[in-house]
Amino acid sequence: MSEAPTDLSTKSERSSGKRGKGGGGGGSGQSRHQGKATGRARVQFDDPSRVARAAKAQITSRSIQQSDVPFLQHLPQYEGNTSISRGSGFGTGQVHPAIQALGVKYAQGVITGGHSRCLAFVNAMEEVFGDFVMTDMNNAQQIHRESSKLLNRCVQFVVECRPLSVSMGNFVRYLKEQIAHLPLVLSLPEARKLILEAIDLFREKRLLLPVNEIADIGSKLIGRGEKIVVYAYSEVVLNLLKQARTMGTDFLVIVIDSRPLYEGRRMAKALDEAGINTDYGLLNGASYLIHSATKVILGAHSIMADGSVTSRIGTASVALLAKSLHVPILVACEAVKFSDRVQLDSIAFNELGDPLQLLPSACERSADASLSELRDKLPSNLRMINMLYDVTPAAYIQAAICEVGVIPTTSALVIYHEMSDYTTSY
Amino acid sequence: MADDLDKVSASLQKYLDEGMEGAQAAVQIMINSVTNFTAETIMGLEQELGNTAELIKSTTIGSSMEIRACLETFISAAGRSGFGGQPDVGLAKKCIVSAGEAVRDSIVESHQLIAKYAHNLIQDGSQILTTSCSSAVEAILASSVAKDIKVYVALGYPTRKSYEIVRNLQKLGIRSTVLPDSAVGSLVEQIDVVLVGAEAVMENGAVVNATGTFLLALAAKAVGKPLYVAVERYKFIRLYPLNQKDLRVLAPDSSELEPIEDIEPELKQSIDFFNPHVDLTPPEYIQMLLTDEGLLPPSAVSDSLIQKIYRNYVRC
Amino acid sequence: MDTKDLEAAIKALSSHKKAWKFVEAFSHELLRGSYTDSSDVANTTAEVLKVVAVATCMAGLDNVRRSLRAVGRYLAGLAGNYKYVIGNVTRRVLKLVQETFDDPDEEFSIQENIKEALSLFLDEFNQTRDTMVTNAAVAEQIHSAEVILTFGRSATVERLLLEAAKKRTFEVVIAENSPRGDGHGLAKVLASEAKLEVTLIPDSAIFAVMPRVHKVIIGGEAVLANGSLLAPAGTLLVTTVARHYSKPVVSCAELYKLTPLFPLSTMADVKLLHPATILNEEIASEMPNVNIVNPANDLVPAEMISLLLSDNGGCSPVVVHRLVKQLYDEVDVPL
């Protein structure tokens, strides 16, 4: 989720200072990782001095607000997408157009979902570094400095449009490492080529290939006549189910959906188009829908260090109900979404959406519209919360399907550490 | 092919008759097949290893989870020995044989090591409930003779293998109380620990053992008693069943178990039996695995396995 | 009583023009779905049954019993969610009529006896709404600065919160209960009328917000004899989450919701509603083969409920079977 840019730079200083090149998986690996983790505190938005600092580093003119919900004041608030979509308020020219276009899409919710967001970001960064030029070629050190400055600037802009996803954070960390480890004597075209190669490798090995591998592994876990519960929309899960269908397995998918995003509709539509038998219902019918199911397969935003899973809000409830009905729960998640953070509840860190989305939309005619007339003048003692994620405790999840295989979610951290070593030894 | 199978089957039986355990016998056959290997290439050697393993798995004795896990351990030990990099077949054979012998010897020693590591877990005057027969459990109990322990053995219906451990304990001067599996619920509140062996340990730390083990685990959990599983390291296997049904796919039931003996044949023909020979105990029921590499929480199993898997994944 | 007897009884009743007019009027209202508060349904049912009983009691106990049961069943069949309430009120009236016939005041005619007994019952019954909320045990359940979570809008819970708001300030978190979204209405009332601090959340946020909550208060359409609660779909999700966080769950139900029936299985009592409320035709037409499932209710098992509040105070849900024995005659259980 959010990585404030100031944090990223402190962290990269720490790690580039400490780390030598190469060194894939030695005994000292563990302690290195621990040292790294402590440097990354998120901006707490109820801390005035940190907020002031963050405001100073801002590129766009979006205001930093505080929530009127007392227990959510430490979170970055939803600010509306007005300033960005109008294109005003940021020095155009300073940020690459590809990143600008991307930022608007993030802010408006045109690109959503961990996989798509990260892929779009990687593609945009490829464009950015493809156009990478320098004003002053005198100093060899300059390439390192300029390119990481460029990266920071792009990240800063993107974060202001919407907090980074875990996979995007992992990509930024990877790219920083790559830039830090560029050979000292390089011409600009050579440096550009190496960076582009690194980006391309990440896209292939960490984003595209895993989705297929997960589909391969996961589709074999679906037997004939099974009833699979899924929640909202997940690219990875959809792919897995389609693959199982392609293999000729006959099964039923039960899509559980929720207001206000209704992402499950997109899932149900895609499943229907793929010729898969599909049931569809809302979260209030979840206990009814799950009681006849044989498996639950969930997508994830991230798997954290203790094995708990952040995912679209509502996922935890589905997992909890499935657990209480003894239906096994699997999480399909690429290793790039693994994180070394921990979080006990869904409030310590989260992303907030537009609270007014909770008011019934035009297509929800049968819903109670008592509050719609108050839209612009809600009384101050009436608040609405629209959080985007929740945290599913590790104990509810039988296994994670990642590109490496089927693993317990508590082992995700092992892979995260191995992966970090691998990316630096590239 | 059928010939080979008979041969493997016969030599397995021979080793067992000589007093070896199944796993040891399987490893010995693997070692023999490498020693007797005559072809010229290392690739052929690799194939031979795979073929023999498959042959052993397709015998009745060799189809158990335990031996499958053991063969997996053997093959990965052979892989680690670096035989693939040797200049000639002779050297490669030597590598494998010495790795294999290490595995075989570790099996022999494992029980004593387990007993050593588990020693402090058994308190003076403990009342211990077990089922089926496990050499590792036997070793732990034998090393606790001086502690005035009381042993309860659930019968392990219908195989009644449990009498074997009762017999062996009796030789050591430990008197055990035998109970039918159906009496576990009535007994469990008065015991201190449940201690069982395992046929194999799955990737997530779940344990596969003789039917009845899960029932003991459920009972122990319900009254808050710890369940310890004494298991040799070679029994860790890369399988990930999600529930009992998955396990039955991985370990199909052998048909020889005759569940009910005292009924008239006509009735027997008109009823169906549900008679799995193993069941699955999920990791959340297990307090600790007592292995020859020390005491492990169930989650540690996957962590160590996964590190290896990931490195393989990245390599290829 | 099989269908034939039912039809015959209804037919016989239609000769009592005045009584039948009452029944018809009520059944129209039920069919139109104009009720949102079970206590209105219960009161009207009692009034209608009184008229029926008075009109038919001259023909003897058997006749009046048959008429009452027929009307009760007929109305319950039209009442959707309120069928348990109507059934229970019918059982109460049946018991009263039986008692009156067994031990009449000899000075008056049987008709006057019945009239008297049922009028007393109605007076008491009409006050249920007030006794329920003013009952000390009920108000005591919410203390100062507590955070209460409720699901959707139950008239019983609403009355209780409004009453408690007169005494002290506390916060309410309301899960909206999609697709009906009736939580919005409750949020509006509690915020503007009672001036409580109100937070409205989508159903998906129940798990995330539960750690902030002290107590969960829910309503439902019936409490079954084993103490389980038949409630709007989604309530089971709320109580399961509450159990995960060890938060107490208080269920509120007036006595007329106590039903002498046992659940058949966890899902057998679940009715399915029309799919259009969760997916309108336009969107549904984009996925023609998708089967849309819209269950109406959940059965919340008794062990998930910490406390049952009703007109005569609080009790553990496991004693419901005893209360039910006091309220109804065993013979009236199958209507």
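User: How do strand 5 and strand 6 of chain A pair, and over how many bridges?
Analyst: In this predicted model, strand 5 of chain A and strand 6 of chain A, the latter covering residues 309–312, pair in the antiparallel sense over two bridges.

User: Which residue in strand 6 of chain A is the bridge partner of A:S302?
Analyst: The bridge partner of A:S302 is A:T310, which lies in strand 6 of chain A.

User: And what sheet do these strands belong to, and in what order?
Analyst: They belong to an open sheet of three strands in chain A, in the order 5-6-9, with antiparallel pairing.

User: Which are the edge strands?
Analyst: The edges are strand 5 (302–303) and strand 9 (389–392) of chain A, each of which pairs on one side only.

User: Which helix packs on that sheet, and what does it touch?
Analyst: Helix 13 of chain A, residues 315–324, packs on the sheet and touches both strand 6 and strand 9 of chain A. The direction of helix 13 makes about 30° with that of strand 9 of chain A.

User: Switching to helices: how do the axes of helix 5 and helix 6 of chain A cross?
Analyst: The axes of helix 5 (residues 97–108) and helix 6 (residues 114–130) of chain A come within 9 Å and cross at roughly 165°. That angle is over 145 degrees, so helix 5 of chain A counts as roughly antiparallel to helix 6 of chain A.

User: Left-handed or right-handed crossing?
Analyst: The crossing in which helix 5 of chain A passes helix 6 of chain A is left-handed.

User: Which residues meet there?
Analyst: From helix 5 of chain A, the residues are A:A98, A:I99, A:L102 and A:Y106, and they meet A:R117, A:A120, A:F121, A:A124, A:E127 and A:V128 in helix 6 of chain A.

User: What about chain A overall: how many helices and strands, and what share is buried?
Analyst: Chain A has 14 helices and eleven strands, and buried residues make up 50% of its 426 residues. Among its contacts between residues at least 6 apart in sequence, 79% join residues at least 24 apart.

User: Now chain B, what is its secondary structure?
Analyst: Chain B comes to twelve helices and ten strands. Its radius of gyration is 21 Å, close to the 20 Å that the globule rule gives for 316 residues, so chain B is as compact as a globular protein of that length.

User: What does its C-alpha trace span, and how much of chain B is buried?
Analyst: Along its principal axes, the C-alpha trace of chain B spans about 65 × 55 × 40 Å, while buried residues account for 41% of the 316 residues in the chain.

Conventions
Residues numbered from 1 in each chain as written. Chains lettered and ligands numbered in written order. Predicted model: local features only at pLDDT ≥ 70, side-chain atom pairs only at ≥ 80, totals over all residues. Helix = DSSP H or I, 4+ residues; strand = E, 2+ residues; numbered from the N terminus. Rg over C-alpha atoms; globule rule 2.2 N^0.38 Å. Buried ≥ 20, exposed ≤ 12 C-beta atoms within 10 Å, placed from the backbone. Pairing = 2+ DSSP bridges. Contact = placed C-beta atoms within 7 Å. Axes fitted to C-alpha atoms, helices over the stretch in contact; angles between N-to-C directions. Parallel < 35°, antiparallel > 145°, perpendicular 65-115°, else oblique. Left-handed = near helix turned anticlockwise from the far one by under 90°.
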